[in-house]
Amino acid sequence: MTISNAPLHVHAGNGPWPLHSAAASQALERRALAQVAPMTLMEAAGLAVARLALAIAPQAGRVVVWVGPGNNGGDGLVAARLLHGRGWRVQVWTTGDPAALPADAHQAWQRAQAAGVPMAPVPLGPEAQGPVGFDCSRTLHIDALLGLGLRRAPAGALAQAIAQLQAAAAGGAPVLAIDLPSGLHPDTGCALGAADAPWGGAVRATDTLSLLTLKPGLFTAQGRDHAGRVWLHRLGVPAGPADAVLSGPPAWAARPHGHHKGSHGDVAVVGGAPGMVGAAWLAASAALAAGAGRVYCSPLDPEAALLDPAHPGLMGRSAWWREPASTLETATVVCGCGGGEAVQAALPPLLAATPRLVLDADALNAIATAPALQALLQARTSSEAQTLLTPHPLEAARLLGCSTAEVQADRVAAAQALVARYGAAVVLKGSGSVIAAPGALPHINPTGNAALASAGTGDVLAGWVAGLWAQAPGASAGEVARQAVWQHGRAADLHEPAARGAPLRAEALIEVLALRALG
Ligand SMILES: NC(=O)C1=CN([C@@H]2O[C@H](COP(=O)(O)OP(=O)(O)OC[C@H]3O[C@@H](n4cnc5c(N)ncnc54)[C@H](OP(=O)(O)O)[C@@H]3O)[C@@H](O)[C@H]2O)[C@@H](O)CC1
Ligand SMILES: [K+]
């Protein structure tokens with residue numbers, strides 16, 4: 001059979017992309033299967049896999065296909081047969097009894113057997129040490145162990161096969177995962193393997209070909225570490241309504257010639273308790289780089305200087321939150337940023353009066369422990385005021401009254417729970433930041449890398465988002481957050497030393513952002 005289109009390469013620069021949960025993907029699969037003859041979709045899936053295998057490893061000529069107990073394995077068996085037909089040396093390892101495969105997968109097994117594809121149960125025990133198969137790092141490995149049907153931690157032959165695939169990847173072999181890296185939860189991006197298993201007991205692929213739909217788990221939590229490059233083949237099946245969105249690149253707004261600094265809004269940063277004043281100046285500096293017209297920095301340390309010699313364009317203000325309401329009611333405000341406990345005094349007037357408020361770090365910690373502040377935050381929903389919370393997982397856990405592990409176990413759900421509880425938009429930071437907002441689909445951000453795990457980068461994000469928001473006061477908190485988070489991560493992706501494990505210093509991050517060459 002033929003399928004008309006090549007898989008789509010899904011990356012940070014060509015979104016937005018709709019994401020579908022496991023339940024929605026399975027419902028779509030059931031509807032599609034009901035409309036075509038048996039094996040039609042599986043043959044299409046296997047062909048898409050074989051074609052991508054030829055594209056990503058054209059010189060390999062050798063492939064080991066790891067086949068699990070379900071239809072994911074069936075896709076792999078079709079690909080194995082097609083590659084065998086192309087003259088590749090193929091070895092199929094099965095992890096279960098082929099007779100127990102579901103109907104389509106069993107037929108795929110029979111067709112592979114009839115075609116003379118070498119197939120055998122995966123070796124277990126001592127002989128399974130080291131990559132099983134052709135002794136060559138250029139051998140392609142196809143992971144067809146588990147897909148959407150993952151239910152629990154892989155054990156036994158499946159766990160052994162996953163370990164073999166991890167060893168192959170560590171040895172430099174390309175690994176193409178079908179639909180999902182086996183062991184990765186499609187919705188949460190959590191590796192479901194045994195707690196002591198390397199990499200959470202899930203396959204680490206160099207490429208993943210997602211079938212029919214893109215699953216959220218490919219892009220958040222551990223997903224990005226496991227999926228590698230992500231490809232999508234819809235198999236000719238139109239997708240239904242999305243459950244979430246992978247953010248795409250935002251457009252830069254041009255600056256009209258006739259504008260002056262007063263046209264670009266004011267930002268005030270309140271933060272910087274004793275010993276942490278730099279955090280507030282960093283956020284203020286990022287707001288200025290984002291293009292805000294005037295930026296005030298109000299350190300909570302009463303001894304702090306009101307001028308940062310490195311940034312003479314910023315204006316220091318003592319206790320800015322005590323300004324008249326008419327001033328508070330016009331600015332975009334960032335509160336947190338190294339605020340320590342001193343931030344508690346500043347929060348009530350800011351929560352009561354500011355129309356656009358970004359709450360970060362210690363401001364979130366203060367709110368988590370003070371019901372009166374929570375009430376003020378929730379009360380903002382009854383006015384036009386908008387709030388953006390930018391927690392990392394620990395801060396999110398404090399706000400939700402749960403553990404960090406519970407937040408990370410389902411990051412999208414945790415971000416949505418924060419929205420429901422506080423009525424604010426939320427950026428849940430971490431790998432695959434989640435942006436959730438009232439009345440909007442949750443978004444997962446595709447940019448950024450571990451170079452952002454350095455001091456002050458969170459302050460930069462808070463300042464950057466406020467700087468953008470000041471210039472677009474009519475934008476929703478969610479819109480401006482999606483834009484800012486994408487750009488902040490993209491700046492890190494362009495930081496070449498990150499590929500060698502180097503962190504991106506907060507000051508350097510601001511300079512990259514300021515150049516706006518984020519593409
Ligand atoms: N049908 C088609 O034509 C098409 C299908 N497609 C493909 O099918 C995939 C979905 O197939 P699937 O639903 O059969 O699920 P799959 O992931 O293969 O595994 C389920 C099996 O694994 C088992 N199992 C689960 N966890 C386990 C564990 N930890 N340890 C041990 N066993 C475990 C589970 O057992 P059970 O939980 O039922 O006891 C069941 O036997 C999808 O990802 C895509 O690749 C698409 O290409 C479109 C065309
Ligand atoms: K798989």
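Two strands count as paired if DSSP finds at least two bridges between them. In this predicted model, strand S16 (residues 386-389) and strand S17 (residues 425-428) pair in the parallel sense, over two bridges. Leucine 389 faces valine 426 of S17 across this pairing.

**The sheet**

S16 and S17 belong to an open sheet of 11 strands. The order is S2-S10-S19-S18-S17-S16-S15-S14-S11-S12-S13, and the pairing is mixed. Strands S2 (17-19) and S13 (315-316) stand at the edges. Each has a single partner strand, so one side of each lacks a neighbour in the sheet.

Helix H9 (residues 343-353) packs on the sheet. The direction of H9 makes about 155° with that of S14. H9 touches these strands:

| Strand touched by H9 | Residues |
|---|---|
| S11 | 266-271 |
| S14 | 332-336 |
| S15 | 356-359 |

**The helix pair**

Two packed helices are described by the angle between their axes and the distance between the axes. For helix H12 (residues 393-400) and helix H14 (residues 411-422), the axes come within 10 Å and cross at roughly 45°. That angle makes H12 oblique to H14. The crossing of H12 past H14 is left-handed.

Which residues of H12 and H14 meet? H12 contributes Pro393, Ala396, Leu399 and Leu400. H14 contributes Arg411, Ala414, Ala417, Leu418, Arg421 and Tyr422. Eight residues of this contact are nonpolar, two are charged and none is polar.

Methods: Residues numbered from 1 in each chain as written. Chains lettered and ligands numbered in written order. Predicted model: local features only at pLDDT ≥ 70, side-chain atom pairs only at ≥ 80, totals over all residues. Heavy atoms only, no water. Axes fitted to C-alpha atoms, helices over the stretch in contact; angles between N-to-C directions. Helix = DSSP H or I, 4+ residues; strand = E, 2+ residues; numbered from the N terminus. Parallel < 35°, antiparallel > 145°, perpendicular 65-115°, else oblique. Left-handed = near helix turned anticlockwise from the far one by under 90°. Contact = heavy atoms within 4.5 Å. Nonpolar A, V, L, I, M, F, W, Y, C, P; charged D, E, K, R; others polar.
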